[in-house]
Amino acid sequence: MDKLLELDGISLTYHSKKSETLALNDLNISINSGEFVAIVGPSGCGKTTILSIICGLIKPTTGNVIVAGEKVTKPSPKVGYMFQRDNLFEWLTISKNTLLGLEIIKKKNPKTKAYVKELLEKYGLKEFSTHYPTELSGGMRQRVALIRTLASSPEILLLDEPFSALDYQTRLVVQDDISSIIKSEKKTAILVTHDISEAIAMSDRIMVLSSRPGKVKKIINLDFDKSLSPFERRKLPKFNEYFDLVWRELS
Amino acid sequence: MKKIYSLDHKKYLRKQLFNTVLIHFLRILLLVLLLGLWEYVAWSGLVDPFITSSPSRIFNTLVTLFSGGSIWSDIGITLYETMLAFVISTILGGFIAICLYMCLPLKRILEPYLVILNSLPKVALGPLIIIWFGVGTKAIVAMGILICIVITTISMLNGFCAVEEEKIMLLKSMGANKLQILFKLVLPASLPNFIAVLKINVGMAWVGVIMGEYLSSGAGLGYLLVYNGQVFNLDMVMTTIVILCVLAGIMYGLIAILEYCVNKKRNK
Ligand SMILES: Nc1ncnc2c1ncn2[C@@H]1O[C@H](COP(=O)(O)OP(=O)(O)O)[C@@H](O)[C@H]1O
Ligand SMILES: [Mg+2]
């Protein structure tokens, strides 16, 4: 498998008037094309910072980020970032919301529009495309947010605790939804979370981070049948074994 | 699609309707009572109608005024000045707010000046305005703009700065530049705030223009107020106030309608 993303000796220091914070110190991560990697770690260990660096929103103090062979210096359509909250624009219809990224990079044309329309159709949002975000449930809104991210055909998806704003029931359903969308679109994804079971249910590989400054403490390869959904994984005995393993690493 | 409601719900709806009607009724009743009381004390001689005027005198004055016709030109002048002050200060204030937002260092530099300008009683600048712009329409509109523009700028800027940081990050992660962030996010997100600013501005523009007319003019409703106050024609003073109330109410109403349309379009 070919390497799609590489973080090479990344460290980052935040400066503020009162103090300086070493958020990441000499972080090395490498991710292959098509992988679904989960990054778990205690809150404040620098997970969001890692994603912001991969996306090119902040520059690392030292080190390089390479995506598909190119050094990242600023945000590019190769990387799609999905936040904790859906951040849909209330004044735009669902379909306009999903076209936002294409508009920004000036790639809105009949072909890309058709692709987005197809995504909306495929994932059960077609009849809502002229609706406004307030008319949708939390789970549907998160699905729209994912389609908005997919619209500009990124090679890597960055998901920053995308389910933490949802209630438990919805969360389980949306995890299945999002996981199947990412699988069927054959995307590489990095999921950041502090929810151990979410990481085990969704990913191929878990990176456990130490507390600040975040370093990769342990990498756990998950061995589940490819066809299982997150919900089905949760029912297997293996699931609990992995849970114990990650739990021990975290505490 | 006709919905079928339960009996309880029908009862509830009827009660709601009854409440609304009752409130409107009480509002009108209050007005009638006040006017009646006013008329009574003036008629019975408890107070001197020369000082307090009375509803019937106001009504008569209104009839004479509007059959005479010169009042229309006074209304026209004041309305024109108010609209001009309102439009110019909204556009200019909005423009300044956008500039400051796009260049935050400038905002930081100018902040203390804005605060001082905002707390300064603008009437204090009256003499200066008259010297600079001369007596007349220009000075009056300038007064109106002066009163509106600082608060417009500050309110709009605050609205821009209140846009959610995560939404800005979202656009940045898509590769948006500053202008795209402004037009795709900040301006549309600030629309409700913009309408709130318009509402405040309508009131402020009236204050500014009437004040301007007090200071320097030979026509307009503000002029009528000062002139008739000086010659103790209290009937005219009261009547002019009534006309002002109606005009300000109409302008506020127009903006409320605009707000309603915008909200309807946004959240259907
Ligand atoms: N803009 C910033 N300025 C200063 N410190 C920050 C900033 N952003 C994050 N930090 C600090 O860096 C650390 C890592 O933050 P973050 O990446 O958000 O953690 P996580 O997402 O794992 O909870 C935290 O201790 C946080 O307080
Ligand atoms: Mg975080």
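**Ground rules.** I am working on a predicted model, in which local features need pLDDT of at least 70 and side-chain atom pairs count only at pLDDT 80 or more, while totals for chains, interfaces and linings use all residues. Side-chain values use heavy atoms, with hydrogens and water left out, residues are numbered from 1 along each chain as its sequence is written, and chains are lettered from A and ligands numbered from 1 in the order in which they are written.

**Pockets.** I used a 1 Å grid over the protein atoms alone, where a pocket is an open set of points at which a 1.4 Å probe fits, with protein on both sides within 12 Å along at least five of seven lines, and lining residues have an atom within 4 Å of a point. Grid points are joined across faces, edges and corners, and a volume is the space filled by probe spheres set on the points.

The largest pocket holds about 350 Å³, and among its 19 lining residues A:Gly34, A:Phe36, A:Lys183, A:Asp204 and A:Lys226 lie nearest the centre. I counted 5 nonpolar, 4 polar and 10 charged residues in this lining (Ala, Val, Leu, Ile, Met, Phe, Trp, Tyr, Cys and Pro are nonpolar, Asp, Glu, Lys and Arg charged, the others, Gly among them, polar).

For the second largest pocket I noted a volume of about 270 Å³ and a lining of 13 residues, with B:Tyr101, B:Leu104, B:Ile168, B:Lys172 and B:Lys178 nearest its centre. By class, this lining has 9 nonpolar, 1 polar and 3 charged residues.

**Aromatic pairs.** I found 9 aromatic pairs over all chains, counting rings of Phe, Tyr and Trp (its six-membered ring) with centres within 6.5 Å, and calling planes under 30 degrees apart stacked, over 60 edge-to-face and the rest tilted. The rings of A:Tyr81 and A:Phe83 are stacked, because their centres are 4.4 Å apart and their planes at 10 degrees; both A:Tyr81 and A:Phe83 are buried.

Terms used: Buried means under 20% relative accessible area, exposed over 50%, partly exposed in between (1.4 Å probe, protein chains only).
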